[in-house]
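Okay, thanks for coming, everyone. Let me put the model up and walk you through it.

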Amino acid sequence: MIHKRSKFFSRSNRKPVSGVRVAPVNNRRQLAAFIRLPWRLYAQDPLWVPPLKLERRLHFSSLNPYFDHSRWQGWIAWKGDRPVGRISAQVDELHRRHYAVRSGHFGFLECENNPDAMRALVTASESWLAQYQTEVITGPFNFSINQECGLLVDGFDTPPAIMMPHNHQWYAELLEQQGYSAAKDLYAYWINPDFAIPRVMQNLVDRYGKSVRLRGLNRKQFKQELETLRGIYNDAWSGNWGFVPFTREEFAELGTSLRLFVPDDFIRIAEYQGEPVAFIAGLPNLNEVLRELDGNLFPSGLFKLIRALRRRRIRTGRIPLMGVRKALQNTPLGIALAFLVIHDVRQPIIARGITGVEMSWILEDNQGMRSILERIGSRLYKTYRIYRKQL
């Protein structure tokens, strides 16, 4: 189901720009075309991983709890009868309240190497956002910073990890031609989980290890465990650039995916003096299987995913979530907690035959986390960029 038209959708087409016509996404048929567009744009790109079509439809439906505090509009750029690009614009009231600014965002950006198409798409999204008195635009966010975000600007030679974006190399230049500039870079690091423990890490583990209790996820108390993780995450990330807190409903939706596809021992929680103060969550890199499904979960896609997990056929992973309580950050205990949860999760990861893990994403100015990752031998291998424009 598409969200309420009266709240989210524009009815008019934009005038053609140099033969490019931009049409709003107003119904299911147009939404299906919006979702399908990447299949055409990446037909010759062996690194692109098709998303699950069912998951994308749910993402745009009223079942997505993001829409409890947000509204969006999508457009498709057409040249004749050929779709050549797409974009979304969204207004997140939670973001506006958190930062006390009339912010707006764009996302789901795809475009042929065609400056006219990019200009037409950006113009459509900016005009819609202006109706909501938007002062500053950032993106791409699909839909928020807590979901898939950023434009790939470096690291085009490897496929994306699960829940990370991938795009053509010309996107950045076309977007910058429309007056957008870098707001923040997000880094992805790569590491062999069987790394040698550095001396500083071992010293901290020896010093604090006996006073910290490390445990896995208690599936019998799943809802309570999710709230524990959400509380740590929202506190740990609260001072970071672009932070928007996860709502209970949004984190519960994320938890549904964790419950289905993440082994319990891939989530590790650290307790200090009886209180949960840090955690880490690992994911098998399902993209290894998704690239074979071409977006189709049925009739056999779900079986292939489950079989790959059970037979431990997936050889790479990703760490998408990690946090240490804000009060402990930049203290010896806080650094030790980061080392301890990383060390604790790598054993089950190795046991499942995973030989490479992406740690992502990390803010460019998060020197503390970057230092920890570099100390354990990880290497920066991809850069994603959030762009900004003042209206």
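Let's start with Ala351, which lies in helix H12; helices here are DSSP runs of H or I, at least four residues, numbered from the N terminus. Ala351 is exposed, at 52% relative accessible area. For the cut-offs, buried is under 20%, exposed is over 50% and partly exposed is in between, with a 1.4 Å probe and protein chains only. Its C-alpha sits 9.3 Å from that of Arg312, 39 residues apart along the chain.

Quick housekeeping: this is a predicted model, where local features need pLDDT of at least 70, side-chain atom pairs count only at pLDDT 80 or more, and totals for chains, interfaces and linings use all residues. Residues are numbered from 1 along each chain as its sequence is written, and side-chain values use heavy atoms, leaving out hydrogens and water.

Now, the inside. The largest nonpolar core has 83 residues, and those touching the most other members include Phe279, Trp361 and Met359. By core I mean buried Ala, Val, Leu, Ile, Met, Phe, Trp, Tyr and Cys residues joined through side-chain atoms within 4.5 Å. Helix H12, residues 332-351, gives this core its largest share, 10 residues. What does Met359 contact, beyond neighbours within four places in sequence? Among others, Tyr187, Ile319, Ile342 and Leu373, with contact meaning heavy atoms within 4.5 Å. There's also a second, separate core of 33 residues, Trp75 and Val91 among them.

Last stop, Leu302: that one lies in helix H11 and is partly exposed, with a relative accessible area of 30%. Thanks, that's my tour.

Technical notes:
Helix = DSSP H or I, 4+ residues; strand = E, 2+ residues; numbered from the N terminus.
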